[in-house]
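This briefing walks through selected local features of one protein chain. Please look over the sequence and the structure first; the notes are grouped by topic.

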Amino acid sequence: MTFIGIIPARYASSRFPGKPLADICGMSMIERVYRQACKELDEVYVATDDDRIADAVRGFGGRVVMTSTEHRSGTDRCFEAYVNVESNADVVINIQGDEPFIDPEQIAELKRCFDAPGTKIATLVREFDPELGWDALFDPNRPKVTFDSKMNAMYFSRSIIPYVRNHPWEEWIHSSKFYTHVGMYAYKADTLSEITKLPQSSLELAESLEQLRWLQNGYAIKVGITASPTIGIDTPEDLAHAIEFCKKLENKQS
């Protein structure tokens with residue numbers, strides 16, 4: 001089975017315009033993501049609708065594909081990119097463009113999900129660390145996931161799931177095991193084509209989580225578990241934290 005990694009990257013962002021080109025210790029964020037992805041994948045492209053990003057990717061020797069400005073999601077942009085580069089890869093991996101320190105082992109774990117016969121879509125989850133505290137578990141920007149004994153997702157929610165009925169909520173964090181979603185996906189190429197044609201679903205609209213559209217339309221989502229931490233960058237404040245992390249990482253390596 002063959003894999004292609006696609007990194008959707010937009011310049012326009014209400015909270016952080018130009019985010020993919022933000023400098024992190026002398027290297028742009030998009031370059032850091034690209035180089036990490038290339039440690040696990042032979043074929044990686046940045047998919048963008050902006051010439052500034054495309055020029056930057058070409059400048060560091062990366063592969064880039066131009067896509068429409070009209071896409072509603074990174075999933076749609078991934079499919080157009082896959083078509084535009086005329087790839088024959090069996091599986092498309094949608095890699096977040098705002099996680100500059102992504103662990104290549106996370107990509108490897110996604111790939112292993114396709115060892116199971118019948119896998120069409122896969123994603124990653126991480127066991128929630130109780131030391132992070134109640135506020136982190138309650139955070140609606142940290143979607144929670146439940147999955148079955150065959151490692152297929154049952155539901156994703158911005159609310160806390162499962163509901164721990166027989167304990168006061170103050171004890172939940174130590175009374176049950178919780179998993180949070182790591183927003184990286186992989187899709188069989190034909191399945192990616194199918195899901196981009198689906199209309200938004202009622203659960204997706206309620207929770208503002210695109211993956212609920214796929215579940216509601218009967219697509220199974222295989223789950224892989226990762227312990228690797230990630231640093232997502234949504235705001236300039238997040239960037240400052242990422243720069244501090246980078247400096248500490250470089251000091252350890254020197």
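Just after helix 2, Gly-61 has a positive phi of about 85°. The model is a predicted one, in which local features need pLDDT of at least 70 and side-chain atom pairs count only at pLDDT 80 or more, while totals for chains, interfaces and linings use all residues. Residues are numbered from 1 along each chain as its sequence is written, and side-chain values use heavy atoms, with hydrogens and water left out. Helices (H or I, at least four residues) and strands (E, at least two) are DSSP runs, numbered from the N terminus.

**Helix 2**

- Helix 2 covers residues 51–59, and Ile-53, Ala-54 and Val-57 in it are buried; buried means under 20% relative accessible area, exposed over 50% and partly exposed in between (1.4 Å probe, protein chains only).
- Because they cover an arc of only 100° around the axis, these residues lie on the same side of helix 2; the arc is that of the directions from the helix axis to the C-beta atoms.
- An α-helix has 3.6 residues a turn, so residues three or four places apart point the same way.
- The buried residues of helix 2 pack against strand 1 (3–9), helix 1 (29–38), strand 4 and strand 5 (64–66).
- Asp-51 and Gly-59 are exposed residues on the face of helix 2 turned away from its buried side.
- At the start of helix 2, a side-chain oxygen of Asp-50 comes within 2.8 Å of the backbone nitrogen of Arg-52.
- This is judged as a polar contact, a pair of N or O atoms within 3.5 Å; within protein, one must be able to donate a hydrogen and the other to accept it, and residues adjacent in sequence count only if both atoms are side-chain atoms.

**Charges over rings**

- Arg-52 lies over the face of Tyr-11, at 3.5 Å from the ring centre.
- The charged end of Lys-111 is over the ring of Phe-3, 5.4 Å from its centre.
- The criterion is that NZ of Lys or CZ of Arg is within 6 Å of the ring centre and within 35 degrees of the ring normal.

- Val-44 is in strand 4 (residues 44–48) and is buried, with a relative accessible area of 0%.
- Leaving aside neighbours within four places in sequence, Val-44 is in contact (heavy atoms within 4.5 Å) with Gly-5, Ile-7, Tyr-34, Ala-37, Cys-38 and Arg-63.
- The C-alpha atoms of Val-44 and Asn-94 are separated by 10 Å, the two residues being 50 residues apart along the chain.
- Ser-87 is in the loop between helix 3 (74–84) and strand 6 (91–94), and counts as buried at 9% relative accessibility.
- The side chain of Ser-87 reaches the backbone nitrogen of Ala-89 at 3.0 Å.
- Not counting residues up to four places away in sequence, Ser-87 touches Ile-4, Glu-43 and Tyr-82.

**Aromatic pairs**

- There are 11 aromatic pairs in the structure; rings of Phe, Tyr and Trp (its six-membered ring) pair if their centres lie within 6.5 Å, and planes under 30 degrees apart count as stacked, over 60 as edge-to-face and the rest as tilted.
- Trp-134 and Phe-138 form a stacked pair, 6.3 Å centre to centre with 20° between the planes.
- Trp-134 and Phe-138 are separated by about one helical turn because they are 4 residues apart in helix 5 (residues 134–138).
- Trp-134 counts as partly exposed at 25% relative accessibility, whereas Phe-138 counts as exposed at 52%.
- The ring centres of Tyr-163 and Trp-172 are 4.8 Å apart and their planes are at 75°, so this pair is edge-to-face.
- Tyr-163 is exposed, with a relative accessible area of 61%, whereas Trp-172 is buried, at 7%.
- Trp-134, Phe-138, Tyr-163, Trp-169 and Trp-172 are linked into a cluster by ring pairs.

**Hairpin and backbone features**

- Strand 8 (residues 144–147) and strand 9 (residues 153–157) pair in the antiparallel sense over 4 bridges; two strands pair if DSSP finds at least two bridges between them.
- Lys-144 stands opposite Ser-157 in strand 9.
- The two strands form a hairpin with 5 residues between them, and Met-151 in the turn has a positive phi of about 65°, although Met-151 is not a glycine.
- Met-151 counts as partly exposed, at 25% relative accessibility.
- The peptide bond from Ile-161 to Pro-162 is cis, with omega near 5°, and Pro-162 is in the loop between strand 9 and helix 6 (172–175).
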